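Please look at the sequence and the structure below before reading on. The report then goes through a few places in the model, one after another.

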Amino acid sequence: MREGILANLRQLSEKLGLSQTTISRALNGYPEVSEATRQRVIEAARQYDYEPNSSARRLATGKARTIGHVIPVAKHDMINPHFTDFIAGAGAVYSQRGYDMLISVVDGDKEAETYRALSRNRRVDGVIVHGPMAHDERLPLLAEIGLPFLVHGRTLQAEDSYSWVDVNNRRAFREAARHLIALGHRRIGLVNGWEHMVFAQRRREGYEEALREAGLEPDPALMSSNEMIEPAGYEAMKRFLMLPDPPTAVICSSALPALGVMGAAREFDLMPGTGMSIICYDDNLSFLDIGPGGMGLTVMRSGIREAGRHCAMMLIDRIEGKATPSQMLLEAELVQGSSTGPPPAALVAGKTSADR
């Protein structure tokens, strides 16, 4: 395959009497090629149905024209719909900007070795780091080996020391809790993601901040930290509702655990909005519309596909030496649905269908 591609470029070079490098630079828009030569090359490429591929681009630029995503299987499930939608957003930008994508799924203990190999073999021009931890060892590693990177999310390291795109998770969950408190709720549950991840830590902090502002002491019995999947949401909500003083409202970390929360609530004859208020952080997933236009939930909306686009654009701009912000903090917006309302009198009194 490689010989055929090079032969095609070589043939075009011979027909035009120009070097392969000049042809590649002309087709990739490099300014040192005159406009007359560029137009001559473009017309010939059209005539002979030649389109430069990644091999030709690497020849012209010395770049891989590829962005890497290293996914440690111990930290990230490839069927995770959040990752799939992120990649869809990023992939659209890669296509527009003429970049390929390399996804490497590795064992957790092979991650550092994989980054070093990608840099050493020049297989990628940069990488996007997923699932940042509080003090993430990948950041100093990537800085040491000189591989450009951008983090989807933030760590607890100095925020001005690396490039990132994140959502204001603390504010999102503070606003969600404030909304429920304003409706009269005083027992509010939290179905969170794993709190060794910084985004989940910040979400709990925002939730607790809103409670304390209202003179309410956070109750650990009303908090759950787990995978953001439907069974985890179901088990957390079922446990909440078995308490002597159950919640009248719940904030969910994402659409999938919210499905489990609703399933458990229905088993207690509690319907969203009338029997139990539910707010869900909404990544605006392509395959599941849980918000007002779909399943009707009140959501804190910030699309993960859009985050993928921002990450891809910012990293490519940095690789290409273009002026671009190093950090971007996105805000989630409260979108009112039918799943929130004042607390029912029966639940305020600590009653559910399980003990009536």
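In this predicted model, V73, M101, I103 and V105 make a nonpolar surface patch of about 290 Å². One of these residues, V105, sits in strand β2, which covers residues 100-106. V105 counts as partly exposed because its relative accessibility is 43%, and partly exposed is the class between under 20% (buried) and over 50% (exposed).

Strand β4, residues 149-152, pairs with β5 in the parallel sense over two bridges; here W164 of β5 is the bridge partner of V151. Strand β11, residues 327-330, pairs with β5 as well, again in the parallel sense, over four bridges. In that pairing, V167 has L330 of β11 as its bridge partner.

R174 belongs to helix α8, which covers residues 169-182. Is R174 buried or exposed? R174 counts as buried because its relative accessibility is 16%, and the cut-off for buried is under 20%. Leaving aside residues up to four places away in sequence, R174 touches G206, Y207, E209, A210 and E213.

E35 belongs to helix α3, residues 35-47. With a relative accessible area of 47%, E35 is partly exposed. The side chain of E35 makes a polar contact with the side chain of Q39, at 2.9 Å.

Two loop residues remain. R122 is found in the loop between α6 (111-120) and β3 (126-129), and D269 is found in the loop between α11 (255-267) and β9 (277-282). R122 is exposed because its relative accessible area is 67%, and D269 is exposed because its relative accessible area is 56%; the cut-off for exposed is over 50%.

The table lists the accessibility values given above.

| Residue | Relative accessible area | Class |
|---|---|---|
| R174 | 16% | buried |
| V105 | 43% | partly exposed |
| E35 | 47% | partly exposed |
| D269 | 56% | exposed |
| R122 | 67% | exposed |

Note on methods
Residues are numbered from 1 along each chain as its sequence is written. This is a predicted model: local features need pLDDT of at least 70, side-chain atom pairs count only at pLDDT 80 or more; totals for chains, interfaces and linings use all residues. Side-chain values use heavy atoms; hydrogens and water are left out. Buried means under 20% relative accessible area, exposed over 50%, partly exposed in between (1.4 Å probe, protein chains only). Contact means heavy atoms within 4.5 Å. Patches are made of residues with over 30% relative accessible area and no salt bridge: like charges are joined within 9 Å, nonpolar side chains (Val, Leu, Ile, Met, Phe, Trp, Tyr) within 5 Å. Accessible areas come from the Shrake-Rupley method with a 1.4 Å probe; for residues, only the protein chains shown count as cover. A salt bridge is a side-chain nitrogen of Lys or Arg within 4 Å of a carboxyl oxygen of Asp or Glu. A polar contact is a pair of N or O atoms within 3.5 Å; within protein, one must be able to donate a hydrogen and the other to accept it, and residues adjacent in sequence count only if both atoms are side-chain atoms. Two strands pair if DSSP finds at least two bridges between them.
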